Every structure is written in C-alpha cells, then in structure tokens.
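User: I am new to this structure. Please take me through it in short steps.

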Amino acid sequence: MTDDSYQNAAPSTSGDIATITIENELKRSYLDYAMSVIVSRALPDARDGLKPVHRRILYSMHDLNMTPERSYSKCARVVGDVLGRFHPHGDSSVYMALVRMAQDFSMGLTLVDGQGNFGSVDGDMPASMRYTEAKMTHAAVAMLADIDKDTVDFQPNYDEKELEPVVLPSRIPNLLVNGAGGIAVGMATNIPPHNLGEVIDAAVVLLDNPDVSDEALLDIVPGPDFPTGGEIMGRTAPRNALRDGRGSVIVRGKASIEEIRKDRDAIVITELPFQVNKQTLIERIAEMVREKRLEGISDVRDESDRLGMRMVIELKRDASGDVILNQLYRYTALQSSFGVNMLALNHGRPEQMGLRKLLELFLEFREEVIVRRVKFELNKARDRGHVLVGLAVAVANIDEVIHIIRSSVDPS
C-alpha cells in the first residue's frame, strides 16, 4: 500500500482488528499525554498554587492528623499513604516533593516541618525517608482549613475507591508566596517566591478597591523575595515581569569586602541568588583560579555554619577587591538571571497571568470557599434546629411524654 492510499484508508474492522492511520493515532495519543502532563503533573493550580502531588501529600498528612502540635512521624508513612491512596507513581517523586516543601532555601513559606537531613543549599541529597520525620506547619494547616465543610469539590482517586480534593481551600495566596517551577509538554512555568506580607497587603488593597491600578499594586509588591536572599538589580525588570507574567530578573549574591588581617582583604559572600548551588559555585571559582582566568585570589573557603552562610574569598596583597568582585559577577553564578514565566492552571486551562490576575483569581476562590462554608454551617444549624425544636416541645409537655413512655408496650 502506498503512503497516500494508507493515509486515506478508511477505518475498517475485521473481527476485533481495526485499521487506523499511524499519523492520526500518534496525534491523538500524544495530545492526550500532553494534556495529562499539563493538567495532572507539571503545572500548579492558580487557586492553591499546588501541583497534584503536593496537594495529595498535604491532604494525606491532614488525614493522618500530622498537625503542628503533635509529634513528628516518619516520612515513609506519609509517602506510603500517598502512594497507596492517591498517587500511583514512584516513591522518589513523592518523597522529593515532600522534601522540597520542608526546605527553607527552596520555599518562601515552608509547608512541611521536617526533622532530620532534608538536603542543603550545597546540593546534598536528603536522607532516606525511613530516617527523616515530618509534620505540617501552621501555613499548611491554613491551606487545609475548613476542608471538611464542603468548601471544595472532591474527585475519585485513581482506583475510584476514595475521594481526593480537586483543590485545597487555601487561606494563603500560595502560588505567589512560594512560587512554582515545572516543565510540561510544549510549555513550562517558572514563578518566583514573593514576600508573604506584601502579597497579603496587595490582596487587601485589591479587595477594598477592585479598580486599583497595576502601578499601585506593583508599589506594594515591587518584585520577588527569594528565600536565599540576594539583591535584585534594577526596578523596571521585576515590575514588568510581575505585571506581564513574563520577563527576566537579574539577581546578585550579597557580598562585601572585609579586612581579615593586616594588609589582607577578602570578599565575604553571605547570600546567594535563588537556586544557585554553593558548592558548585566554590568549585567554579577554584577552577577559574587554576586556569588563571581569575587573578588575585589566594584562597577560597566555605565558613558556613548553622547560623548562616559565609563564603570567604581571600585576596592577594596587591589585588583590587572591587575588580575581582565584578569579575565574579560576570563569570560565575554569583550573578544570575531568573526567567519569570508565570503560567498556571485557571480552572484546568493553562494561562499566563500577572500579579493582578493571580490575586483576582485567589480572591474569587476565597469568596467561593467562604460562601460554601457558610451554607454548610447554616444547613448544619438547621438540622440541629429541628432536634432542638422537638426537645423544646417534649419539655413543654413533659408529663404527657412520660405517660406515653410508661404506657408503651415496648421501649421502641
């Protein structure tokens, strides 16, 4: 059969065998796969700012009653519960998602309180889940508040034996506060973390005045607030990225030139750009010194401890600290560019959104959650009211009630 005749062949059946064109099958199957990755794996929901795996982890911890006031539980318990009930994938995907929610250098507002080795800014891997322990933080409790009051819709899990929430009734604008990153099919998202207080203030202003200008909102939230610190270069780029939902933000590590002993200066770095591996940066600087691409450096050492980060780059006597610092900004990750691409799911559809749109969606969602909660509590009060009215009638006619009970043939 020629290519043309094969492509134009109509589907025909012979028993249980159907003839189809491979082109149509590949188009249909790949589109199904792409939509599955986009909706059910890689992109966060604009309402609660979570991907399905993170939502399932927090809901599982809620069901296991792993609240902040209780003691820590093994992470293996959470991972096993999530795998068995909601997430039929590899255990490492669930555990690494759990670990990230506990890393204060990855999240603006951690959702998991971890005990044990949960990795480091040096790129160290976390300990195995049988060694680490976790529970929810107060922020995670706020994201799950009132979930048992019919505030959100539930959907069947993978084997339709249980129900899982479609979205969490979050009290926190989590997507802006913690950011997100993910690569789907044909699209990707990279949302930086922002300051919790600034985002809340902007949401309140937008709630009080829906016609507030974008510039006024950007005055409240002028740019990202990275958990590892660093300094954002310029004001225009982060404002444009927040307004349009796409842009590039240049971030520098925080460095100073200090005199460490007589006639010897050193560049001391105390903050790094977001997602920069400290150990890799040190190795990169040492490599450039060996290759003589950086002159004037005599030693590079890491003096970080539990109190904070401290990288010391010791200079030679005749070296200029400002010149070497500018070379470090130019040739190493001490100055990095963060590509902002604020893509999220708006009721299941991927959409690029700026600060205003994300805040509007969050406020609409919170209004829906509160209305549903009030209706639930009202119906519960009405049901309870019928019982109370019956009790009041019984008390008002207590003698007759006692007579009926005593004269009955049997208790029922």
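The questions below go from the whole chain to two residues.

User: Is the protein chain compact or spread out, and what is its radius of gyration?
Analyst: This is a predicted model. The chain holds 14 helices and 18 strands. For 412 residues the globule rule gives 22 Å, and the chain lies well over that, so it is more spread out than a compact globule. Its radius of gyration is 29 Å.

User: What box do the C-alpha atoms of the protein chain fill?
Analyst: The box is taken along the principal axes. Its dimensions are roughly 110 × 75 × 50 Å.

User: Where is Asp 146, and is Asp 146 buried or exposed?
Analyst: Asp 146 sits in the loop between helix H6 (138-143) and strand S6 (154-156). Its phi is near 70°, a positive value in a residue other than glycine. Its relative accessible area is 14%. Asp 146 is buried.

User: Where is Gln 275, and does Gln 275 count as buried or exposed?
Analyst: The loop between strand S13 (264-271) and helix H11 (278-290) holds Gln 275. Phi of Gln 275 is also positive, near 70°. Its relative accessibility is 55%, and exposed means over 50%. Gln 275 therefore counts as exposed.

Conventions:
Residues numbered from 1 in each chain as written. Predicted model: local features only at pLDDT ≥ 70, side-chain atom pairs only at ≥ 80, totals over all residues. Heavy atoms only, no water. Helix = DSSP H or I, 4+ residues; strand = E, 2+ residues; numbered from the N terminus. Buried < 20%, exposed > 50% of the residue type's maximum accessible area, 1.4 Å probe, protein only. Rg over C-alpha atoms; globule rule 2.2 N^0.38 Å.
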